[in-house]
Amino acid sequence: MRAAAITLVTALHRVDADRVAARISDGHRMHVAGSAFATARAVADRADQLDRVCGPDAPHGLVVTLHPGADARAVGMLLANAARSEIGDDRVLRHVVGVLRADDVAHLLWSDVDDAFVAADRMAALVEYATVIALDRIEPLSGRRRRALVSLLHRMAPQAVIVALPAIRSAADLPASNGGAARVLATGAGWMRALSSGADTGREARDALVSMRYREPLPFHPGRLSSVIAEDLSAGVNGRVLRSRGFFRLASRPDHVGSWSSFGSMLALDPTANPSWDADAPIGQALWFVGEQLDVRAIERALDEALLTPSELLAGPDVWRGWPDPFPVWPAVDPASEHRHE
């Protein structure tokens, strides 16, 4: 593989990805669908072929459009790992370009849509694992809404450069890159940075959004957590949560760590593959929130009240498992399954 030769382009609609790919390609393009492993292998094979045809010293690159919903982060990291093992250098990925229709994003965030979980998941992943975010159709948004959207994208993807799609006319309009985009994908998402380092908490002078980090070692009581979600975290009660992400422990399901992910009004509480006793599993609650006019103290108090009391904690897991649990049932560890709670 030639270092810095590959650019991945992702979008919710293939036509958007194809349009951007056509602008930034020097003639070498491909579209790949399938698993992350199969996609990475196909891209690596095509890049090797280009190296042989063009020669090691000729400047060339490969622009790859991924199928909507593809795991760009996994593809990028697989490409880097393969290159490291083959040539001793993992700098093969120039950029991951995520193409968004701004009006679609705003609709999911602010219109109280509560049944578009697949689109919300894909949109969040597209943003958080991009190094360049190309915004299309920003004209329908008011100036205030446009500023709020861009601010949120900056919080979700602090590693990304955000540009208006019309400004991308060729590969020269993308930011300079040393080919190390895959390294950014590993830990670059805003929620990852916030939970690992405490960065991005509070209000920044550049925008009107408020972010907070919630960490507590105790598990949540299922009934009280359900009430907090329905009452204290609903839009307008303590501000409007636009995005939240992290890991949580539910006392009634003591064997596994849960994944918490919200986008707009949609909240997904899914099982992870981490058993609770794993040495690398997060302990207790590790959640990051960002939104408009968040009352941080009120949200913290509400979440605190959902934690187990000392007497409940001493009762132990055998008792916890018998408590009424209003959340959808999780199967035996199956990360591919999706279970939703509004």
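This is a predicted model: local features need pLDDT of at least 70, side-chain atom pairs count only at pLDDT 80 or more; totals for chains, interfaces and linings use all residues.
Arg-245 lies over the face of Trp-191, 4.5 Å from the centre of the ring.

Next, select Arg-253 and Trp-330. Here the charged end of Arg-253 sits over the ring of Trp-330, at 4.8 Å from its centre.

How are the rings of Phe-248 and Trp-330 placed? Their centres are 6.1 Å apart and their planes stand at 75°; an angle over 60 degrees counts as edge-to-face, so the pair is edge-to-face. Now colour the chain by position. Phe-248 belongs to strand S9 (residues 240-248), while Trp-330 is in the segment after helix H12 (317-320), and the pair links distant parts of the chain, 82 residues apart. Are Phe-248 and Trp-330 buried or exposed? Phe-248 is buried, and Trp-330 is buried as well.

Stay in strand S9 and select Arg-240, which has its place there. Arg-240 has a relative accessible area of 18%. Buried means under 20%, so Arg-240 counts as buried. Which side chain does the side chain of Arg-240 meet in a polar contact? The partner is the side chain of Asp-112, at 3.2 Å. To see the surroundings, show the residues in contact with Arg-240. Leaving aside neighbours within four places in sequence, they are Leu-109, Trp-110, Asp-112, Ala-235, Gly-291, Glu-292 and Leu-294.

Now move to the nonpolar cores. The largest one has 66 residues, and Ile-6, Val-64, Leu-100, Ile-133 and Phe-263 touch the most other members. Select Leu-100 from that group. Residues up to four places away in sequence are not counted; among the others that Leu-100 touches are Val-105, Met-123, Leu-126, Val-127, Ile-133 and Leu-153. A second, separate core has 25 residues, including Trp-260, Leu-269, Ala-302 and Leu-307.

Finish with helix H5, residues 117-128. How far apart are the end C-alpha atoms of H5? They are 16 Å apart, and at 1.5 Å a residue the 12 residues of the helix should span 16 Å, so the two values agree.

Conventions
Residues are numbered from 1 along each chain as its sequence is written. Side-chain values use heavy atoms; hydrogens and water are left out. Rings of Phe, Tyr and Trp (its six-membered ring) pair if their centres lie within 6.5 Å; planes under 30 degrees apart count as stacked, over 60 as edge-to-face and the rest as tilted. Helices (H or I, at least four residues) and strands (E, at least two) are DSSP runs, numbered from the N terminus. Buried means under 20% relative accessible area, exposed over 50%, partly exposed in between (1.4 Å probe, protein chains only). A charge sits over a ring if NZ of Lys or CZ of Arg is within 6 Å of the ring centre and within 35 degrees of the ring normal. A nonpolar core is a set of buried Ala, Val, Leu, Ile, Met, Phe, Trp, Tyr and Cys residues joined through side-chain atoms within 4.5 Å. Contact means heavy atoms within 4.5 Å. The expected span of a helix is 1.5 Å times one less than its number of residues. A polar contact is a pair of N or O atoms within 3.5 Å; within protein, one must be able to donate a hydrogen and the other to accept it, and residues adjacent in sequence count only if both atoms are side-chain atoms.
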